[in-house]
Amino acid sequence: MQAESNQLWNEDLAPTSEAQRTWRWYHFAALWVGMVMCIPAYTLSASLIEGGMSGYQAVWTVFLANAIVLVPMLLIGHAGAKYGIPYAVLARTSFGVRGARLPALMRAIVACGWYGIQTWFGGQMIYTLGGVLIGHPLGGDNITGLGINAAQLICFLIFWGIQFWYIFHGMESIRQLETYTAPLKILICFVLLAWVYNKAGSFGALLDQPSQFVEGGKKAGQFWTTFWPSLTAMIGFWATLALNIPDFTRFAKSQKDQILGQTVGLPAPMGLLALMAVIVTSATVVLYGKALWDPVDVASRMTGAAVLIALVILLIDTVSVNLAANLVGPAYDFSALNPKLISYKTGGYITAGIALVMMPWKILETTQGYIFTWLIGYSALLGPIAGILIIDYYFIRQTKINVPDLYLEHGQYSYQKGWNMAAVIAFAIGVIPNIPGFLNAAFPASFPEVSAVLKTIYTYAWFVGLAISGIVYFVLMRNKRASV
């Protein structure tokens, strides 16, 4: 097999051996707790409340979105646990051994953006910590073209460099980091709650503040027009992991371990983190006269050793989340583009490099850009891929995969010169309806004439793409089920 398929195989992409399958349910639960407890997830509630929701509406929206995204997470993760293959190899069953590069690249580029965003947050913590240690903010004039000052850039690069140790030491070092830091993150959440309650004497009025959608409010009667794009954006937050979850479940001891671990580790902790964010922010209104949604900002206002401890823990947290959520997937994806030349480590280096040039701070400049351009925009790309993978694995192949042929140029998954045009067509048809809405959201001045119907479709981008691509793929492949 290897002699014929050296362009499709390397040791990182090969199915995991029995000895490598060491992840139990609590490892998956710890992985998700570790990834959920992160600064971008903490700030999600802010974007919803800024959009007009009450604290409780924001928390329930976050919880519901994560309960929904758990479904494709478990469905796609099944293949990883059963066959020991990563996402980039699983995609070969539906897109072809060559065509799989398309979904791999789509997922990889999105992950590079997230890797950059998390690295930016980590750099901001170092920037804040430096200001605390010297007694005044680092400050400085912004660099022309970049929009940040030299100190911010240096701190960003320092944090970017710290993560290279884990890229070099591979997957096992990431598993250990997640397992050991997850309990620490839960503990620090309770410490933060106790700190703000002690300082403020209460949790403030933000919890009791009604939404802006009630009668007489600023956005009376507009709840559903805000809820659906917000829900889609919240699903988009983990849409990348819903695709490449086989990169982790391939190490599962059993199918039960990945199902139980993910079910325990994702929806409830995500909802609880959102609730904690609302509670802490409510108390900051009492303490500082305004809502502080950035936990780094809150930590910087602590005094004594507390500020140092809080920022160091946030740094550790950001490293663990970034590596697990945004490094592992694209490292495998880039490796799959050319297995002979690109190893898992090399793929990690490519990910880190792209994250630099994407200038993540510009993505985060506005809530509008964060939700409607970034989160919903890439969910419009990833939803169709998820739909195709699920239909192919469960309805076309009925969970049966010929693993050796995944690594053969002329095997069962070669289709037409390595491309399955049914998957490509289904993907394109699933993406097209969301393009006008995306262009209007990203470049409103250039595309102002988009109809209300197309804008509405875009608010359901992930759902629309998943459903359309899945149905089209099934129709195009239905006559091939017998041969499969």
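Q: Is Gln398 buried, partly exposed or exposed, and at what relative accessibility?
A: In this predicted model, Gln398 lies in the loop between α18 and α19. Buried means under 20% relative accessible area and exposed means over 50%. Gln398 has 44% relative accessibility, so the residue counts as partly exposed.

Q: Where does Lys417 lie, and about what value does its phi have?
A: Lys417 is placed in the loop between α18 and α19. Its relative accessible area is 82%, so Lys417 is exposed. Although Lys417 is not a glycine, its phi is positive, at about 55 degrees.

Q: What secondary structure does the protein chain have, in helices and strands?
A: The chain holds 0 strands. Its secondary structure comes to 22 helices.

Q: Which radius of gyration does the protein chain have, and what would a compact globule have?
A: The C-alpha trace spans about 70 × 50 × 45 Å along its principal axes. For 484 residues, a compact globule would have a radius of gyration near 23 Å.

Q: What percentage of the residues in the protein chain is buried?
A: The chain exposes about 19,000 Å², of which carbon and sulfur atoms supply 67%. A residue is buried when its relative accessible area is under 20%. Of the 484 residues, the buried share is 58%.

Q: Among contacts between residues at least 6 apart in sequence, what percentage joins residues at least 24 apart?
A: Contact means heavy atoms within 4.5 Å. Among the contacts between residues at least 6 apart, those joining residues at least 24 apart make up 83%.

Q: How many salt bridges does the count give?
A: The pairs include Asp257 with Arg24, Arg98 with Glu409, and Asp392 with Arg397. The count comes to 3.

Q: Which parts of the chain does the salt bridge of Asp257 and Arg24 link, and how many residues apart are they?
A: The side chains of Asp257 and Arg24 meet at 3.2 Å, N to O. Asp257 belongs to helix α11 (residues 255-265), whereas Arg24 is in the segment before α1 (25-36). The pair thus links distant parts of the chain, 233 residues apart.

Q: Which relative accessibility does Asp257 have, and which does Arg24 have?
A: Asp257 counts as buried because its relative accessibility is 4%. Arg24 counts as partly exposed because its relative accessibility is 34%.

Q: What N to O distance does the salt bridge of Asp392 and Arg397 have?
A: Asp392 counts as buried because its relative accessibility is 1%. Arg397 counts as buried because its relative accessibility is 3%. The distance between their side chains in the salt bridge is 2.8 Å.

Q: Within what arc do the buried residues of α11 fall, and which helices do they pack against?
A: The buried residues of α11 are Asp257, Gln258, Gly261, Gln262 and Gly265. Seen down the helix axis they fall within an arc of 110 degrees, so they line one face of α11. They pack against α1, α3 (55-83), α10 (246-249) and α12 (267-288).

Q: What distance separates the end C-alpha atoms of helix α22?
A: Buried residues of α22 include Trp462, Val464 and Tyr473. At 1.5 Å a residue, the 17 residues of α22 (residues 461-477) should span 24 Å. The distance between the end C-alpha atoms agrees, at 24 Å.

Q: Which residues does Gln152 touch, not counting residues up to four places away in sequence?
A: Gln152 lies in helix α7 (residues 150-162). Its relative accessibility is 13%, so Gln152 counts as buried. Its contacts are Trp120, Gln124, Tyr127 and Asn142.

Methods
Residues numbered from 1 in each chain as written. Predicted model: local features only at pLDDT ≥ 70, side-chain atom pairs only at ≥ 80, totals over all residues. Heavy atoms only, no water. Salt bridge = Lys/Arg side-chain N within 4 Å of Asp/Glu carboxyl O. Helix = DSSP H or I, 4+ residues; strand = E, 2+ residues; numbered from the N terminus. Buried < 20%, exposed > 50% of the residue type's maximum accessible area, 1.4 Å probe, protein only. Arc of directions from axis to C-beta. Rg over C-alpha atoms; globule rule 2.2 N^0.38 Å. Areas by Shrake-Rupley, 256 points an atom, 1.4 Å probe, with all protein chains shown as cover. Expected span 1.5 Å × (residues − 1).
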